[in-house]
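Open your viewer and get ready to click through a few selections. We will go stop by stop, with a word on what to look for at each.

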Amino acid sequence: MTGGQAIAATPATDTGTGRDAILRAARRAFTQRPYAEVTIRGIAADAGVSPSLVVKHFGRKEELFNTVADFGPAAAELFDAPLDVLGRHLVVTLVTRRRALQSDPLLRVVFSLGNQDERSLLRDRFQEQVTDALTARLPGEDRALRAELLAGHLLGLGATLSLHREGAGASATPERIADLYAPALQRLITGNT
């Protein structure tokens with residue numbers, strides 16, 4: 001298993017190839033079971049595709065795991081806004097992406113907490129590609145602390161939306177959710193108390 005491989009970004013939408021279904025199934029598998037117990041055949045069955053299609057899109061199990069463990073494309077999309085509007089952008093982008101892809105771009109890291117096998121790569125990549133990248137963008141003192149708190153807020157938002165799939169958040173627009181949630185994020189971004 002190599003953690004430093006360059007990983008290509010996945011397309012934002014599935015073009016009817018089953019790629020998104022495979023990624024969702026792989027995310028579930030790798031975050032819920034040890035790496036050695038996960039099989040291409042099992043991921044294919046969960047995704048409703050053939051094992052050969054999984055191999056066609058991702059190659060070996062190691063390459064599929066490395067794709068799942070890559071938060072870089074999601075972080076690039078989430079952080080692609082000027083600092084003065086980044087809080088709102090984070091919320092709108094997270095909610096919109098969750099709805100479009102039917103999965104959260106960051107939340108899979110939570111399921112890896114407490115595990116000591118290859119899934120620790122998820123935590124390491126999250127730290128590097130999300131928390132550290134955010135720290136580098138923030139101004140002022142306590143940047144690392146504020147970045148960790150921001151990451152926690154984003155994970156909390158994802159967990160809340162997952163927990164209340166049929167709740168009020170499901171019918172609220174991403175903009176309305178941002179109206180309520182983004183001000184706290186923006187205070188952490190600017191460092192204003």
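**First stop: a charged trio**

Select arginine 176: at 43% relative accessibility this residue counts as partly exposed, where buried means under 20% relative accessible area, exposed over 50% and partly exposed in between (1.4 Å probe, protein chains only). Before going further, note that this is a predicted model, in which local features need pLDDT of at least 70, side-chain atom pairs count only at pLDDT 80 or more, and totals for chains, interfaces and linings use all residues. Residues are numbered from 1 along each chain as its sequence is written, and side-chain values use heavy atoms, with hydrogens and water left out.

Being 3 residues apart in helix H11, aspartate 179 and arginine 176 are separated by about one helical turn. Helices here are DSSP runs (H or I, at least four residues), numbered from the N terminus.

Which side chain meets aspartate 179 in a salt bridge at 2.9 Å, N to O? Select arginine 88 to see that partner. This pair links distant parts of the chain, with arginine 88 in helix H6 and aspartate 179 in helix H11 (residues 174–190), 91 residues apart. Shared partners join Arg88, Arg176 and Asp179 into one network.

**Second stop: along H6**

Staying with salt bridges, pick glutamate 77 and arginine 97, which meet at 2.7 Å, N to O. Glutamate 77 is in helix H5 and arginine 97 in helix H6 (residues 86–101), 20 residues apart. Are the two buried or partly exposed? Glutamate 77 counts as partly exposed at 34% relative accessibility, whereas arginine 97 counts as buried at 15%.

The structure holds 4 aromatic pairs; rings of Phe, Tyr and Trp (its six-membered ring) pair if their centres lie within 6.5 Å, and planes under 30 degrees apart count as stacked, over 60 as edge-to-face and the rest as tilted. Show phenylalanine 30 with tyrosine 35: they are stacked, 5.9 Å centre to centre with 15° between the planes. Both residues of this pair, phenylalanine 30 and tyrosine 35, are buried.

Then move to phenylalanine 71 and phenylalanine 126, an edge-to-face pair at 5.3 Å centre to centre and 90° between the planes. Phenylalanine 71 lies in the loop between helix H4 (61–68) and helix H5 (72–78) and phenylalanine 126 in helix H8 (residues 120–137), so the pair ties together parts that are 55 residues apart in sequence.

Definitions and conventions: Helices (H or I, at least four residues) and strands (E, at least two) are DSSP runs, numbered from the N terminus. A salt bridge is a side-chain nitrogen of Lys or Arg within 4 Å of a carboxyl oxygen of Asp or Glu.
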